[in-house]
Amino acid sequence: MTYSVTEPSDRQKWIAGFLVIGYALITLMPLLWIIATGFKSPADAIAYPPKVLFEPTLEGYVNLFTTRTRVTEETLASLGEPTTWYDRIVRQYDMIIAGPSRYGERFLNSVIIGFGSTFLSVFLGTIAAYAFSRFRVPLKDDLLFFILSTRMMPPIAVAIPIFLMFRQLGLNDTHAGMILLYTAVNLSLSVWLIHGFIEEIPIEYEEAALIDGYTRFQAFYKVVLPQAATGIASTAIFCLIFAWNEYAFAVLLTSGTAQTAPPFIPTIIGVGGQDWPAVAAGATIFLVPVMVFTILLRKHLLRGITFGAVRK
Amino acid sequence: MAQIIVQNVRKEFGAFTAVQSSSFTIEDGEFFMLLGPSGCGKTTTLRMIAGLELPTSGEIIIDGEEVSQKPASKRDIAFVFQMFALYPHMNVRKNISYPLISQGMPKAEVKKKVEEVAQILGIEKILNRPVGGLSGGDRQRVALGRAIVRDPKCFLMDEPLGALDAEFREHMSEELRALHDRMRATTIYVTHDQLEAMQMGDKIVVMNHGVVEQFGVPQDIYDWPATMFVADFIGSPSMNFLRFHGMVGGGQDAVELNGSRIAVPVSRDGAKGDLALGIRPEHIRLSDASGYRGEVLATEYLGTNQVITINTANGDIKARVPSTQSVQVGEKVGLEFDPRAVTLFDTESGRALLSEANERVLSHG
Ligand SMILES: Nc1ncnc2c1ncn2[C@@H]1O[C@H](COP(=O)(O)OP(=O)(O)OP(=O)(O)O)[C@@H](O)[C@H]1O
Ligand SMILES: [Mg+2]
């Protein structure tokens, strides 16, 4: 990498600033549109020309979290005045809330499966990478290549065998099944990434700890792990993003108890007309955990993604 | 503190033998130098003593106990790494106290010990600094602090000054030696710098290609090398070899070089074939009286001394003579070799022939 010795001029800074902000706006536009749509009424959402200014409403969010039934006017009248703000929104459409929707459960499934598989991938990846890096593993290079090769086929190519395997093993539509599957897919990424990070930690640190009277496990835990934290954190983010957003396997392998949010969100459309605000609300909420996770680890992520350049 | 005995220790990495059956003894309190060129197995030997590498065969006895198959953590030794290996996520104080914490020493005592050590090394002021921003010398001192804080049986140092620049090396090597003289701790010090080894060591073991070539006090190794490798590796310029074909018998006190008779110490060995007469540059005098002659190829002025390269019938040699002596390039000069300082070598095996002069040094092994 080379660095310019001269400070950029003010004009260059302005141009650079405009470019960066312009690019950010372009890439953020769809995201902002989705977030905005979540707060529109169904009519505003499909208005043409599209509405940039609109009256915000929580209708989308109410629809997302509830199931509603249409009732006759007499029934409605017999219920008396709506008691809550969400009742009031629903009543405008001659409907009442029949119960909670399944979004909450699906979201929770996503959390369990996403974080569960991320934890497992990173945990297994770390110990495997440590072993590959520090011990004389027979056929090490072949094994590492083999692990990487599990990534070479598009996942969908193995979807049918996996579907059959899962059915045989009774893993269809179970949390354990999805966690296992996502862990298996992510493991190659995590082994390779973390292996790279651990390789960069000089072995002398552990040897110093061994000589200072610590066991190998203590040396690993107290000396290697803190230094690999950066790499492990960025790997965890990559793993989570994959598991969180994964759609194809989720559609194929889950339908009820273990269904994650991605295959569920489109099904919202079908209930009571094309309810775009509810879909957008679902997508918006769905974004939050990954964003929070990434922001929490962003200090590590920035350092980790430069792959060691800033370390030491 | 302890005596360390290395006995027939051998290390193989797969088909490659890094260290071949090596034996030497480090006496209690000695500053012991492990010297040799790059790749000769110094680090491997040191790591076997430390327990970071297990020998393929052989015994390592520290303080009377056979430890060759014990893990490093059970040997009670300290190791100073070439790159110091200070824990980067801890500050100086934590780095130094780390070996004590593993022993479960109470906090107050750890604090006291660390401060004691910091005072010995003159690093009290940086105790609370992170190790990241320290200068090379301070890192070195912290690494030493981590080693001495625990009063281990011995210190092992793998080129501990290798990461410092030349000027500072000298300063640190004096500091190290002074520290050793104060603590009298058994120390094994690895270096590939023969000058450093000669200056600092009480004893030196010279290794080459995984073989211990010689082991003894610096003066003996310099004066009476056991092999041509040692003769060549130690000293600058190194020992001259005048190669000749001939025969030496026990009791013989001279050899014939290109028709001239050269006196040598009374031989105790017999040998025949390709031989070499080894003589250090400072033991060569220019003398018109001598019948053995050569032509001056070059002179190199070094203050009080000058080093003269001379072409002889037995190869080019270097002589170190006073600068006051005037020598011209191209001039033919007579050469006189100090007969008390000559070593004869069998060039095939590379080994020195025993003589009256070197038998005291070489016959013990
Ligand atoms: N773990 C290992 N596996 C295979 N070969 C090794 C291993 N460690 C060292 N060697 C080989 O053993 C030989 C001796 O290595 P060693 O590190 O002991 O040399 P050294 O004398 O310390 O050299 P240097 O001055 O370069 O540090 C070298 O040829 C090296 O390549
Ligand atoms: Mg070495």
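**A colleague's note on two chains and their contacts**

1. Let's start inside chain B. Across the interface of domain 1 of chain B and domain 2 of chain B, 3 residue pairs are found in polar contact, both residues of each pair being at pLDDT 80 or more. On the domain 1 side that touches domain 2 of chain B, helix 7 of chain B (residues 218-223) gives the most, with 4 residues. Sorted by class, that side of domain 1 of chain B has 2 nonpolar, 1 polar and 2 charged residues. Please keep in mind as you read that this is a predicted model.

2. At the interface, 5 residues of domain 1 of chain B are in contact with 6 residues of domain 2 of chain B.

3. How much area do these domains of chain B bury between them? The value is about 470 Å², with 34% of it on carbon and sulfur atoms. Three residues, B:Asp220, B:Tyr222 and B:Asp223, supply 81% of the area that domain 1 of chain B buries against domain 2 of chain B, more than any other three residues.

4. The rule finds 1 salt bridge across the interface of domain 1 and domain 2 of chain B.

5. Now for the two chains together. Here 22 residues of chain B are in contact with 15 residues of chain A. The area buried between the chains is about 1600 Å², and carbon and sulfur atoms give 61% of it. B:Tyr87, B:His89 and B:Tyr98 supply 29% of what chain B buries against chain A, more than any other three residues.

6. Which polar and charged links join the chains? The rule finds 3 salt bridges across the interface of chain B and chain A. One of these is between B:Arg47 and A:Glu207, whose closest N and O atoms are 2.7 Å apart. Two or more residues come from each of helix 1 (42-50), strand 6 (77-80) and helix 2 (92-102) of chain B. Helix 2 of chain B gives the most to this side, with 4 residues. By class, the side of chain B that touches chain A has 15 nonpolar, 3 polar and 4 charged residues.

7. Next, a look at chain A and its record. An unreviewed UniProt entry lists several spans of chain A as "transmembrane region", among them 111-132 and 219-244. In the model, residues 111-132 of chain A are 100% helix, with end C-alpha atoms 31 Å apart. Residues 219-244 of chain A are also 100% helix, and their end C-alpha atoms lie 33 Å apart.

8. Last, the domains of chain A. They are domain 1 (10-38), domain 2 (45-101) and domain 3 (104-305). Between domain 1 and domain 3 of chain A about 430 Å² is buried, 82% of it on carbon and sulfur atoms. A:Ile34, A:Thr37 and A:Gly38 supply 68% of the area that domain 1 buries against domain 3 of chain A, more than any other three residues. The side of domain 1 of chain A that touches domain 3 has 3 nonpolar, 2 polar and no charged residues.

How values were computed:
Residues numbered from 1 in each chain as written. Chains lettered and ligands numbered in written order. Predicted model: local features only at pLDDT ≥ 70, side-chain atom pairs only at ≥ 80, totals over all residues. Heavy atoms only, no water. Contact = heavy atoms within 4.5 Å. Buried area = accessible area lost by both parts, 1.4 Å probe. Salt bridge = Lys/Arg side-chain N within 4 Å of Asp/Glu carboxyl O. Polar contact = N/O pair within 3.5 Å; in protein donor to acceptor, adjacent residues only side chain to side chain. Nonpolar A, V, L, I, M, F, W, Y, C, P; charged D, E, K, R; others polar. UniProt positions renumbered as here; feature names shortened; annotations may be inferred. Domains from an automatic or database assignment.
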